[in-house]
Amino acid sequence: MFEKIWNNHVIVAEEGKPSILYIDLHLVHEVTSPQAFEGLRMSGRKVRRPDLTFATMDHNVPTKDRFNITDPISKQQVDTLTRNAQEFGVKLYDLNTIDQGVVHVMGPELGLTHPGKTIVCGDSHTSTHGAFGALAFGIGTSEVEHVLATQCLQQAKPKTMEVRFVGKRRPGITAKDLILGLIAQYGTDFGTGFVMEYTGEAIRSLSMEERMTVCNMSIEAGARAGLIAPDETTYNYLRGREYAPQGADFDRAVERWSALRTDEGAVYDKVVEFDVESLVPQVTWGTSPGMGTGITSSVPVPEQLPTENERKAAAAALDYMGLKPGTPMTEIPIDYVFIGSCTNGRIEDLRAAASVAKGYKVSPNVTAIVVPGSGRVKLQAEKEGLDKIFVEAGFEWRDAGCSMCLAMNPDVLQPGQRCASTSNRNFEGRQGRGGRTHLVSPEMAAAAAIAGRFVDVRHWEFKSEVTA
Amino acid sequence: MQPFVKMTGLVAPVDRVNVDTDAIIPKQFLKRIERSGFGQFLFFEWRWDEKGNEIPEFSLNQPRYQGASVLISRANFGCGSSREHAPWAILDYGFRCVIAPSFADIFYNNCFKNGILPIKLSEEQVEDLFQRTAANPGYELTVDLENKVITDGLGLNLSFDLDEHRRQFLLQGLDDIGLTLKHEDAIAAYEAKRAAAGI
Ligand code: SF4
């Protein structure tokens, strides 16, 4: 599948040089674009295809009282994007539109993401869009400028890896557990230089949103991009969306998209397998997404790890995380819960978290916030009454944005605070200096908020009625 | 972009695996709208504690590493986000060359766009460089991109590998966009084809 998309987009391929690849969709946000627009201005260049370029603001925006950006530099970035979008004729979904949201939630929602497209954005989690069978990768600001100016990207051809999920998903196991489990097993750099294609029954049976969760974290395995072949699930999701082809055009598109699927017997440069049957809900314990384990396990003992590098890294991580080796995961108390981000801020994620929270109260020791991935997710959740379930349980219900995924807005952990987070990175200081992040699924996060510590959500007692 | 041909400079170690872009430049500093001025924030949370005091143990705070222009580190350097602020900070601080056993893709790519040479060596070779740096105050390396070799004054002579295109790119300090725009005809032809197919 990768080969087909690649070949469809190569404009110039010269021996010993990166190929020039045409880009079908370029998503832009406020943090990685100012210097790129500035570069265009300085060299007197224009945006070549404003019609293929879409912008939103997400990283900086407050999720409370959102029009009042108190940090002057955040405000400057947001205003700069507004100005640049106007000047260069780029469509912008700003805070006044319902479509504003985390760029990787918004794109698919608008139907901008299609199978077979090449998609780039100055953000590493662009890999999310691979869930549709699009070749999507994150780029740096120089490349943002390059794509704005030329609608092309210079790329060396990556290698391909099949990541085969073997077996069926057990009840209570989420898409987040699949990808966290994979990275815990193989590490954060096994995908470096590769485009990974996820295959297997467990992947086929995922909903579109769950597939996005898996592809989102491909970059956490080091991969250039993640891919899932399109099928009925993909087409059903896209049908009727604003930027999806309409009517007969849609049927023709489906034909074209279906031809992208990997041929039987295709060879990959590398194949890895991952056993789904024995997977339990995942929690990370360290400061890299690969430092994770099952909820039924304990914090590792560094001395017992196989290599010197691993021992050193684990010891440093545990020191930062303030965890004692050997502590059962279920005995780790938490202070904060964040449900949201481009990994788990979509409507299904909020539904899943709400079903756990329903009829319970957030532990008195915990601050819990729910940040929808986009204005539309928020609206839909409110239609379904999810906001009420959350608020009654004691969660704060916020406006759309990246929020505590990277804490560039006012939502920040205090030093030493421990957070169960549905986002994708647990690096030191990611959610605030000295903050300690544990990555989990939305269900696990909601359950942790209520219990005040991590619990195995497979044994959760769901309440169907909200008790006052 | 400033070409990279040959340089000699002081070596500074950052002895960690998986140095991520959040560590290289924390997000609170991503808000500038310029490209320059990021060096002061490089490794911010490792250099200063909460109260703003220097953390003396951190290598870049030690007098012997002041003015370094070659950075050595461990595997998977630059993992995490796509922020080009990471290489901007490294460059602005004064580094022109980063040596590690492996790099994350986006970071690696971003280096070339900014005239930084990232060099991959084996784990053993990097370990050797760490030891030499520790043992010899004022340890310097000469990085010669023309001949793809690294030498020190103590007999070390290592060759390294680099994609030829990338090498030329750095040697000449080329402008990517200009290179692509030379293919204007091919791009326009592709766009016409694309429009005809109704995409
Ligand atoms: S939600 Fe987090 S990972 Fe996603 S785009 Fe925003 S900051 Fe990046």
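How many salt bridges does the rule find across the interface of chain A and chain B? The count is nine. Keep in mind as you read that this is a predicted model.

## Where the two chains meet

Let's start with that interface. On one side, 66 residues of chain A take part, and they are in contact with 54 residues of chain B.

The side chain of A:R433 meets that of B:E50 in a salt bridge, at 4.0 Å from N to O.

## A quick look at chain B

Chain B has 199 residues, and 57% of them count as buried. Its secondary structure comes to eight helices and seven strands. If you follow the C-alpha trace along its principal axes, chain B spans about 65 × 45 × 25 Å.

How does the chain touch itself? Take the contacts in chain B with a separation of 6 or more: 66% of them come from residues 24 or more positions apart.

Now over to chain A, and to strand β10, which covers residues 194–199. This strand is mostly covered, with six of its six residues buried. A:F194, A:M196 and A:Y198 point one way, while A:V195, A:E197 and A:T199 point the other way, and all are buried.

β10(A) has a strand partner in β9(A), residues 159–166, and the two run parallel, joined by six bridges. To find a spot where they pair, look for A:M161, whose bridge partner in β10(A) is A:M196. There's a helix in the story too: β9(A), helix α6 (residues 175–186) and β10(A) make a right-handed β-α-β unit.

β10(A) also pairs with strand β11 (residues 225–227), again in parallel, through three bridges. Here the residue to look for is A:E197, which has A:L227 as its bridge partner in β11(A).

## Strand β6 of chain A

Which residues of strand β6 lie on each side? A:T118 and A:V120 are on one side, with A:I119 and A:C121 on the other, and all of them are buried, leaving both faces of this strand (residues 118–121) covered.

β6(A) pairs with strand β3 (residues 25–28), running parallel over three bridges. Strand β7 (residues 135–138) is also a parallel partner of β6(A), this time over four bridges. A:C121 is a handy landmark for both pairings: A:C121 is the bridge partner of A:L27, and A:C121 has A:G138 as its own bridge partner in β7(A).

## A helix with two sides

Finally, find helix α10 of chain A, at residues 248–258, where the buried residues are A:F250, A:A253, A:V254 and A:W257. Looking down the axis of α10(A), these buried residues fall within an arc of 105°, so they line one face of the helix. What do they pack against? Their neighbour is α9 (232–238) of chain A.

The other side of α10(A) is another matter: there, A:D251, A:R252 and A:E255 are exposed.

Terms used:
Residues are numbered from 1 along each chain as its sequence is written. Chains are lettered from A and ligands numbered from 1 in the order in which they are written. This is a predicted model: local features need pLDDT of at least 70, side-chain atom pairs count only at pLDDT 80 or more; totals for chains, interfaces and linings use all residues. Side-chain values use heavy atoms; hydrogens and water are left out. Buried means under 20% relative accessible area, exposed over 50%, partly exposed in between (1.4 Å probe, protein chains only). Two strands pair if DSSP finds at least two bridges between them. A crossover is right-handed if, with the strands pointing away from the viewer, the path from the first strand over the helix to the second runs clockwise. The arc is that of the directions from the helix axis to the C-beta atoms. Contact means heavy atoms within 4.5 Å.
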